[in-house]
Amino acid sequence: MAVNQARVEVQLGNNTLVLETGRLAKQAHGSVLVRYGDTVVLCAAVAGNVIPGRDFFPLQVEYRERTYAAGKFPGGFIKRETRPSTKETLTSRLIDRPTRPLFPVDYFNEVQIHATVISADRENDPDVLGLIGASAALHVSDIPFLKPYGAVRLGRVNGQLVVLPVAAQMEESDLDLIVAGTREAVCMIEGFAREMPEAEVGDAILEAHRQCAVVIDAIDRLRAEAGLGAKVLPPAPPADALAEEFHKKFGAEFRERYLTKGKLQRYAAIDEFKERVKKEYVPEGEAAPKYTAGQVSAAFGAMRERIFKEITLGGTRIDGRGPKDVRAVSAEVGVLPRTHGSAVFQRGETQGLVVATLGTIADEQKVDGLGEEYSKKFFLDYNFPPYSVGECKPIRGPGRREIGHGMLAERSLKAVIPPATRFPYTVRLVSEILESNGSSSMASVCGGTLALMDAGVPIKRPVAGVSVGLVMDGEKFTLLTDIQGDEDHYGDMDFKVAGTQKGITGIQLDIKLDGITEAVVRGALDQAREARLQILKTMLATLPAPRKEISSFAPRMVTTKIDPSKIGLLIGPGGKNIRAMQEETGAKIEVEDDGTVSIAGLDAAGVEEAKRRIEAMCAEIKVGAVYEGKVITLKEFGAFIEIAPGRDGLCHVSELDSGFVGHPSEVVQVGDKVQVKVIAIDDQGRVKLSRKALLAPGEGGGNGDRPPRDDRGDRDRGGDRGGRERSGRGGGGRGGERRDRD
């Protein structure tokens, strides 16, 4: 198919969206270059040949970020991109979700969509550009893609919605919402907020959908300017006569079996029935049966979906619940003896074990991408072993589904995690799904909340989540609260909503239709809120508030702040000071560039002692302050007294006592602890101390019969030698400049 070079520009938000085709990647079946600011994504779409007998649609979406796009080298020893990062995996899923439902139901050719970030300005996130580019590349190809969709990100800064906000705006935004939609309806939502009310989230979704129309106009213009004309789609497939026959012949018996209580019992009853039908329509040993096993399976599946919708639209559900009913919910905390926090959350036949681990700054997760490297102090990992659904399958590393579900739960909980200034720990949650029959990601949110509270994390408010489904027939539809497996598989929507009593923290929408209307969006949000509040009551009955103390097996951790100019003093030459402090107290000390010091250890007393020493060492020495110091060196002209770790000063012999003192040893010895007062700090930071200033009249231990010494003679006699012997001291501490005696 010949494609002319074409370029379309449209104002979107505060910048210009540019779409180009016909210039790059011309052998792909469709390719589009998408630019917004200086961020550029190249999207290409190709389709493979049909394979006889295939009964599924193998769509593959690959989003990749090239580090050269931001002028960076890949991190690590291998200086090329390797496996997809978490961000790349999540964006691949993001593109797949609105794209897959917009292919014909009988189209089974393999399709690949490649979205490659080739320029990144670090201001405009390329993920939404990948969505737009995938839609545009399919639309300018001859692949039978039913209709283009648009996509947009919305933020909210100071109460105002912002279209395609830049990175600095997202730092201040209380909303991160991505919406994809056709002209008629919304087809994908991914959003996270800081406890935003349902009505405001609904308004934001509808505003994002209006902005999607701007993008669709540009995609349509691009196809027209490329000289491609209107897109011709294949005719709809004819009705499956065998499925109709099955419905008439077996529908009543199937309905009865479908209403069997219990997931495993229901599946066993259906499987036995399906095998009987197969034997009847594909007799064993028959050389040329009228129907193939694949045709019978497809017709049986179509009958199952049809009867599922008939039951649901009739006002009941296959497990006997009403549309708004939540399955039985139970919870338990503190289930594991040596973990820092643990919880088991059960909702119907979905069960999640969630475990919390508290760590130090050294346990933060480093994230390196096209932007600047940063650290995460809170993260959640999700595991879905095959036994959770009674299957025997190979166990590999986490797939796209596990990564996506884990991030949804993580970001839904992030809004209530306390800031590091209040709770300095690094927090990791791991969700182990032990049973699954619907919405295990939302079970991870509920179990995660309880595990955090069990670990003593002072979260702002508890978070719960639930999934709302949809069954639609023309204009008639039914919303289903707390969907189970079949309602997800045969239903038309999976709308996950997480939040607190105050508002929404996370939403995710996947559908099998072309899109959903405003009535469905707002109805699902309201229905999810009712269920969420019900689930929260059960959770709070189990554990009403975060525990006051963290586990005895968790590290004790405190933070303090020092002047950044004192970091060198704290660390010492070659790390001498900080190493000694760690060995003596048993605490682990981490220092950040801004002067934040994190102290952690299993012994609370050692942690507090390390904090005391650090604050004393780095505190500003002021004239008039009184310290209990330790005598560390005696010289003829006075005593050097350590008044804080690594900080000392000179108490001249004339300031040791109220009477005459011939030698410092007459009053103090090395190792003695004495009260001293700071009487001066010279312009080089050297500290002068006095013991005499703290003595009451009449007190003193010196020889009062001796005549007072001449101060100048003392300086002349001992000053130079003392300075040489104490060289290397300065600024009131060891390891500094040369120190002369007073």
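Predicted model: local features only at pLDDT ≥ 70, side-chain atom pairs only at ≥ 80, totals over all residues.
The protein chain has an average pLDDT of 90, and 93% of its residues reach at least 70. Helix H2, residues 126-139, has the highest confidence in the chain, at 98. At the other end of the scale is helix H15, residues 711-725, where confidence is lowest, with a mean of 39. The pLDDT is below 50 over residues 702-742. Leaving aside near neighbours in sequence, this stretch still has 96 contacts in the model.

Two cavities of 30 Å³ or more are found in the structure. The largest cavity holds about 70 Å³ of space. Its lining is made up of Tyr36, Asn124, Asp125, Leu129, Arg153, Leu164 and Pro165. By class, four of these lining residues are nonpolar, one is polar and two are charged.

The second largest cavity has a volume of about 50 Å³. Around this cavity lie Glu20, Thr21, Gly22, Arg23, Leu24, Ser31, Val32, Leu33 and Leu42. Strand E2 (15-21) and strand E3 (30-36) are the elements that each give two or more residues to this lining. E3 gives the most, with three residues. The lining of the second largest cavity counts four nonpolar, three polar and two charged residues.

A last feature is the packing of two helices. Such a pair is described by the angle between the two axes and the distance between them. Helix H1 (residues 86-99) and helix H8 (residues 400-414) have axes that come within 9 Å and cross at roughly 95 degrees. Because of this angle, H1 is roughly perpendicular to H8. On the H1 side, the contact is made by Thr86, Thr89, Leu90, Ser92 and Arg93. H8 contributes Arg400, Arg401, Ile403, Gly404, His405 and Met407 to the contact. Sorted by class, the residues of the contact of H1 with H8 are three nonpolar, five polar and three charged.

Methods
Residues numbered from 1 in each chain as written. Heavy atoms only, no water. 1 Å grid on protein atoms, 1.4 Å probe; cavity = no way out; pocket = protein on both sides within 12 Å on 5 of 7 lines; lining within 4 Å. Points joined across faces, edges and corners; volume = space filled by probe spheres on them. Nonpolar A, V, L, I, M, F, W, Y, C, P; charged D, E, K, R; others polar. Helix = DSSP H or I, 4+ residues; strand = E, 2+ residues; numbered from the N terminus. Axes fitted to C-alpha atoms, helices over the stretch in contact; angles between N-to-C directions. Parallel < 35°, antiparallel > 145°, perpendicular 65-115°, else oblique. Contact = heavy atoms within 4.5 Å. pLDDT = per-residue confidence, 0-100.
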